[in-house]
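Please look at the sequence and the 3D structure shown here. The report after them describes a few local features.

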Amino acid sequence: HTHVLVYNLGKAADGSWGSLEPREIYRWKKAAGALYRAELAHQFERLGFSLEQDIRYDNDGRVKDRYFKLRGIPDELMEQMSGRRKEILAYQQEHGGSAQQATLKTRRDKDEPTFTEMHARWQDDLATWRREHPWELPDNLRALTQQPKRERPTQSQRRRDLEILAELHETKSVWTRADLTQKIAERSTGM
């Protein structure tokens with residue numbers, strides 16, 4: 001995942017400095033995240049990667065979140081490489097509570113390894129995966145960019161718009177421009 005830092009400071013037209021209005025930023029946080037992921041997906045496609053939808057559902061079977069993942073990377077490998085997620089799930093299983101509570105309870109000090117150390121650890125983990133699953137990944141991960149592109153659905157714009165509106169009406173009694181922006185961005189990840 002990516003962390004984004006936004007300073008709570010802005011320069012006004014008259015040259016004075018002041019804080020940003022946090023409620024509006026908070027209202028748009030999910031839409032901003034969806035726009036970011038749509039752009040990230042677009043950049044992966046420009047590099048030649050194929051994408052797949054990664055839709056998460058709530059307990060009632062309704063769409064909770066829409067993400068994407070790179071085609072050709074096995075789910076098992078992603079799970080193995082996500083040590084933090086395993087730690088959070090293990091805590092939840094042992095103690096109960098929400099993912100957010102588990103995240104806070106298991107958070108360590110920020111004395112983290114350097115990027116160079118992390119890169120070496122990722123390379124070791126990938127080498128172990130390759131030994132255990134020799135046919136799952138190409139030797140050169142750049143080969144993932146050579147996969148045939150999945151055809152985009154030829155669904156009409158009107159039909160996509162109606163699906164987005166139906167999803168909003170199903171999940172919210174009142175929705176905002178930020179909610180609509182989020183749904184449009186989630187649906188525009190090139191799939």
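## Basis

This is a predicted model, in which local features need pLDDT of at least 70 and side-chain atom pairs count only at pLDDT 80 or more, while totals for chains, interfaces and linings use all residues. Residues are numbered from 1 along each chain as its sequence is written, and side-chain values use heavy atoms, with hydrogens and water left out.

## Thr 106

Thr 106 belongs to helix H5, residues 99-106. Helices (H or I, at least four residues) and strands (E, at least two) are DSSP runs, numbered from the N terminus. Thr 106 has a relative accessibility of 12% and therefore counts as buried. Buried means under 20% relative accessible area, exposed means over 50%, and partly exposed lies in between (1.4 Å probe, protein chains only).

Apart from neighbours within four places in sequence, Thr 106 is in contact (heavy atoms within 4.5 Å) with Arg 84, Glu 87, Ile 88 and Tyr 91. The side chains of Thr 106 and Arg 84 are also joined by a polar contact of 2.7 Å. A polar contact is a pair of N or O atoms within 3.5 Å; within protein, one must be able to donate a hydrogen and the other to accept it, and residues adjacent in sequence count only if both atoms are side-chain atoms.

## Helix H8

Helix H8 spans residues 177-186, and its buried residues are Ala 178, Asp 179, Gln 182, Lys 183, Ala 185 and Glu 186. These residues lie on the same side of H8, because they cover an arc of only 165° around the axis. The arc is that of the directions from the helix axis to the C-beta atoms.

The cover over the buried residues of H8 includes helix H1 (22-27), helix H2 (29-46), strand E4 (63-70) and helix H7 (157-171). At the start of H8, a side-chain oxygen of Thr 176 comes within 3.3 Å of the backbone nitrogen of Ala 178.

## Aromatic rings

The whole structure contains three aromatic pairs. The ring centres of Phe 44 and Phe 49 are 5.8 Å apart and the planes are at 90°, so this pair is edge-to-face. Rings of Phe, Tyr and Trp (its six-membered ring) pair if their centres lie within 6.5 Å; planes under 30 degrees apart count as stacked, over 60 as edge-to-face and the rest as tilted. Phe 44 is partly exposed at 24% relative accessibility, whereas Phe 49 is buried at 15%. Ring pairs link Phe 44, Phe 49 and Phe 68 into a cluster.
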